[in-house]
Amino acid sequence: MDLQKAFELNKETWNTKTGIHYESKFYDKQAFAKAKNSLNSYEINTLGEVTDKSLLHLQCHFGQDSLSWANKGAQVTAVDISDKAIELGKKLSTELEIPVDFVCCNVLETSQHVKEQFDIVFTSYGSIGWLPDLKPWAQMIAQRLQPGGVFYMVEFHPILWMFDYSKEKPILKYHYSKNEAIYDEYPGTYADPNSKMISKEYGWNHSLSEVIQSLLEAGLTLELFAEHDGSPYDVFPDMEQKEDGLYYLKDQLFPTLFELKARKGS
């Protein structure tokens with residue numbers, strides 16, 4: 001297929017989503033302006049102290065997490081394919097007086113736009129499904145890490161992407177690791193299901209083995225891999241919030257998240 005066409009369509013969709021998301025309860029701009037933190041326990045607990053560390057945030061959207069890491073003391077560069085999202089990120093950086101270097105580019109082309117190497121490369125929650133091939137993604141991550149640097153990701157479990165959620169009851173429809181693009185068109189967006197926008201997007205399913213093997217082949221060493229039932233986001237049908245503040249699938253039979261940390265050799 002024409003990957004450039006797919007990327008352009010996805011960019012248009014995310015440009016439209018940006019304004020809707022910024023005004024949504026999901027992203028709660030007023031609460032963020034006060035707390036200056038949108039990070040969750042998984043990434044905070046694993047990465048720990050980031051003061052004075054350089055951090056590259058991949059697929060940052062309009063940068064709430066990027067600004068959160070910077071507010072915790074990291075020196076942050078953040079990239080995203082949506083020019084509208086990057087414009088908003090820059091605006092928020094100025095308004096909140098939190099310095100972040102925002103760069104607009106396709107994440108697979110990051111090394112063409114960002115030449116520095118970083119202590120930490122970070123990505124999270126709904127990022128890799130927009131990529132057709134994880135090998136160049138992993139190679140880029142290795143390029144952008146300085147020796148001894150750490151890559152960390154927390155992401156929705158690939159089992160979740162096997163379902164078609166357009167039906168009244170989700171049905172198992174897609175292969176666990178699908179090489180072909182999946183085209184989807186649906187009303188609204190995860191942050192505002194009642195929005196009048198029509199989301200049109202191409203995505204790709206990636207297995208856990210593909211994620212891990214891509215990073216290993218890029219020369220990184222796996223230090224942590226974990227799967228979790230609890231999600232910080234209520235974005236799938238029939239989720240229930242429990243005492244720990246996380247959301248769990250009703251009658252849960254599989255995890256909702258995985259996280260991993262990998263290191264570049266020194």
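This report covers the cores, spaces, helix packing and selected residues of one predicted model.

## Basis

The model is predicted: local features need pLDDT of at least 70, side-chain atom pairs count only at pLDDT 80 or more, and totals for chains, interfaces and linings use all residues. Residues are numbered from 1 along each chain as its sequence is written, and side-chain values use heavy atoms, with hydrogens and water left out.

## Nonpolar cores

In soluble globular proteins, nonpolar side chains tend to be buried together. Here a nonpolar core is a set of buried Ala, Val, Leu, Ile, Met, Phe, Trp, Tyr and Cys residues joined through side-chain atoms within 4.5 Å. Buried means under 20% relative accessible area, exposed means over 50%, and partly exposed lies in between (1.4 Å probe, protein chains only). Helices (H or I, at least four residues) and strands (E, at least two) are DSSP runs, numbered from the N terminus.

The largest nonpolar core has 41 residues. Within this core, L67 and W69 touch the most other members. Several elements each supply at least two of its residues, among them helix 3 (41-47), helix 4 (64-71), strand 2 (75-80) and strand 5 (145-156). Helix 5 (83-96) is also on that list, and gives the most to this core, with five residues. Contact means heavy atoms within 4.5 Å. Leaving out residues up to four places away in sequence, L67 touches F32, L92, S93, L96, I98, V100 and F102. A second, separate core holds 29 residues, including I128, M140, M153 and I212.

## Helix 1 against helix 5

How do the axes of helix 1 and helix 5 cross? The axes of helix 1 (residues 3-22) and helix 5 come within 7 Å, at a crossing angle of roughly 35 degrees. Axes are lines fitted to C-alpha atoms, for helices over the stretch in contact, and angles run from 0 to 180 degrees between N-to-C directions.

From helix 1, the contact uses K11, N15, T18 and Y22. From helix 5 come D83, K84, A85, L88 and L92. The contact residues divide into four nonpolar, two polar and three charged. In this count, Ala, Val, Leu, Ile, Met, Phe, Trp, Tyr, Cys and Pro are nonpolar, Asp, Glu, Lys and Arg are charged, and the others, Gly among them, are polar.

## Helix 8

Helix 8 spans residues 208-217, and its buried residues are L208, E210, V211, I212, S214 and L215. These buried residues pack against helix 7 (134-144), strand 5, strand 10 (220-228) and strand 13 (257-264). Just after helix 8, G219 takes a positive phi of about 100 degrees.

## Cavity and pocket

Spaces were searched on a 1 Å grid over the protein atoms alone. A cavity is a set of points where a 1.4 Å probe fits but cannot get out. A pocket is an open set with protein on both sides within 12 Å along at least five of seven lines. Lining residues have an atom within 4 Å of a point. Grid points are joined across faces, edges and corners, and a volume is the space filled by probe spheres set on the points.

The whole structure has one cavity of 30 Å³ or more. The largest cavity holds about 70 Å³. Its lining is I128, G129, E155, F156, P158, W161, W204, N205, H206 and F258. By class, that is six nonpolar, three polar and one charged.

The second largest pocket has a volume of about 380 Å³. Of its 14 lining residues, P170, P237, D238, L249 and K250 lie nearest its centre. The lining has nine nonpolar, one polar and four charged residues.

L56 lies in strand 1 (residues 54-57). L56 is buried, with a relative accessible area of 0%. Beyond four places in sequence, L56 touches T77, V79, T110, F118, I120, V121, F122 and R144.

E259 sits in strand 13 and counts as buried, at 6% relative accessibility. The C-alpha atoms of E259 and L224 are separated by 7.6 Å, although the two are 35 residues apart along the chain. Contacts of E259 beyond four places in sequence include Y42, T46, Y152, M153 and L224.

## Positive phi in two loops

D28 is in the loop between helix 1 and helix 2 (29-35). Its phi is near 40 degrees, a positive value in a residue other than glycine. At 33% relative accessibility, D28 is partly exposed.

D251 is in the loop between strand 12 and strand 13. Phi of D251 is near 55 degrees, again positive in a residue other than glycine. D251 is exposed, with a relative accessible area of 65%.
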